Amino acid sequence: MVTSQEQWQDMMRLPAEQLYQEEIAALKKADKGKIPVGWQMSPQSVLTFITGGKVGKTVITPKYIGNKRLIEMAIATLVTDRALLLIGEPGTAKSWLSENLTAAIYGHSDLVVQGTAGTSEEHVRYSWNYAMLLANGPTPEALVQSPVMRAMEAGGIARFEEISRCASEVQDALISILSEKTISIPELSREVSARKGFSIIATANTRDRGVNEMSAALKRRFNILILPTPSDMDTEVEIVKKRVREIASSYDLQAAVPADEALIKVVTIFRELRSGMTLDKKEKLKSPAGVISTAEAISLLTNSMALAASFGNGEITDEDLAAGLQGAIVKDDVKDKLVWREYLDNVMKKRGAEWRGLYTACKEMNE
């Protein structure tokens, strides 16, 4: 017989509430603050869960490294009946922060609407089991609740990922929900009203502006927080290091964690190409067409560990890093290849012996 714990161990990616269950349990046990209705811990404990700290002998790992005041504002928003909208560039941890806030506050982060061009109003409100509908007409048993409706009934938090990728009429389906806190089901002559604790955390990508711009009416229903890209080199290196260790542990990669030197090189390359300027601000650079975010740096280094474990001796080589860099930077094949080649010849080549091995490996990949 397979136990629940064994089932979780087989999951490719654990939800935050399972991944950090010991931390959440320790925070709940030690919590002395006032706990809002529908929450499982106080706002102060939620802050500790997100930003890190210590409770008794339990170390609380930071889930978000950045401006602490932003996290305080996010938590304070969710204490009220306002919804929260997290906006930022790709890789600024919008979804990660949304998931961990929901895990800490509500205990379940799986009530998610994923915004795409194909997301319909039914995904936001409700739909029907059409076989049952045809057989018996509209009945409560035939009703298929959306994640938003389920959160309303439970007094929990629903997450709406990449809301600006949805069509305008889908976005606007949220307006009455956020204003009235009800969903009307005329087919059943009933309404679903939200219990205390209900809220929505939505995320939007700044690169999607102009795709389906959110209406002013919808924006007014949210408190909006803009998550910045990591402000300095040390912060970004720390974020990348932490997430690479967590992901590598989850996948049980049989490879050494990247050395600080490799981390610094990758983050340096990403920050310079992202900003269009070398770190010393002495030379302007062309930027690739795609986004080279902190999340991509994490993925690059994780993939490099997989290469080293599967086809090497477990130690990340310059060739492993070069393969990852090529894939992360050269997406629009013609333009990006030229941008990367200029960076290699005009910047990396001139950085001396420490960079020579990586330069040579990247040059060979880009030929």
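**Domains, sheet and helix packing in the predicted model**

The chain falls into domain 1 (16-226) and domain 2 (233-366), with bounds that come from an automatic or database domain assignment. The structure is a predicted model, in which local features need pLDDT of at least 70 and side-chain atom pairs count only at pLDDT 80 or more, while totals for chains, interfaces and linings use all residues. Residues are numbered from 1 along each chain as its sequence is written, and side-chain values use heavy atoms, with hydrogens and water left out. Taken over C-alpha atoms, the centres of domain 1 and domain 2 are separated by 34 Å. Nine residues from domain 1 and 11 residues from domain 2 take part in the contact, where contact means heavy atoms within 4.5 Å.

Turning to the strands, an open sheet is formed by five of them in the order 4-7-10-3-11, with parallel pairing. Strand 4 (112-114) and strand 11 (222-227) stand at the edges with a single partner strand each, so one side of each has no neighbour in the sheet. From one strand to the next, the twist averages 15 degrees. Helices (H or I, at least four residues) and strands (E, at least two) are DSSP runs numbered from the N terminus, and two strands pair if DSSP finds at least two bridges between them. Strand 3 (residues 83-88) is joined to strand 11 by six bridges, and the two run parallel; here Ala83 stands opposite Phe222 in strand 11. Across strand 3, strand 10 (199-205) and strand 11 lies helix 5 (residues 68-79), which runs at about 165 degrees to strand 11.

Ile183 stands opposite Val192 in strand 9. Four residues lie between the strands of this hairpin, and Ser189 takes a positive phi near 55 degrees.

We come next to the helices. Two packed helices are described by the angle between their axes and the distance between the axes. Axes are lines fitted to C-alpha atoms, for helices over the stretch in contact, and angles run from 0 to 180 degrees between N-to-C directions. Helix 12 (residues 233-251) and helix 13 (residues 260-275) have axes that come within 10 Å and cross at roughly 120 degrees. The two helices are therefore oblique to each other (angles under 35 degrees count as roughly parallel, over 145 as roughly antiparallel, 65 to 115 as roughly perpendicular and the rest as oblique). Their crossing is right-handed, a term used if the near helix is turned clockwise from the far one by less than a right angle. The contact includes Met233 and Val237 of helix 12 and Leu263 and Ile264 of helix 13. Its residues divide into six nonpolar, one polar and five charged, with Ala, Val, Leu, Ile, Met, Phe, Trp, Tyr, Cys and Pro counted as nonpolar, Asp, Glu, Lys and Arg as charged, and the others, Gly among them, as polar.

Helix 12 also packs with helix 14 (residues 294-311), their axes coming within 9 Å and crossing at roughly 45 degrees. This crossing is right-handed. Among the residues that meet are Ile239 and Val244 in helix 12 and Ala297 and Leu301 in helix 14. By class, this contact has nine nonpolar, two polar and two charged residues.

Helix 14 in turn packs with helix 15 (residues 318-329) at an angle of about 140 degrees, the axes being 9 Å apart.
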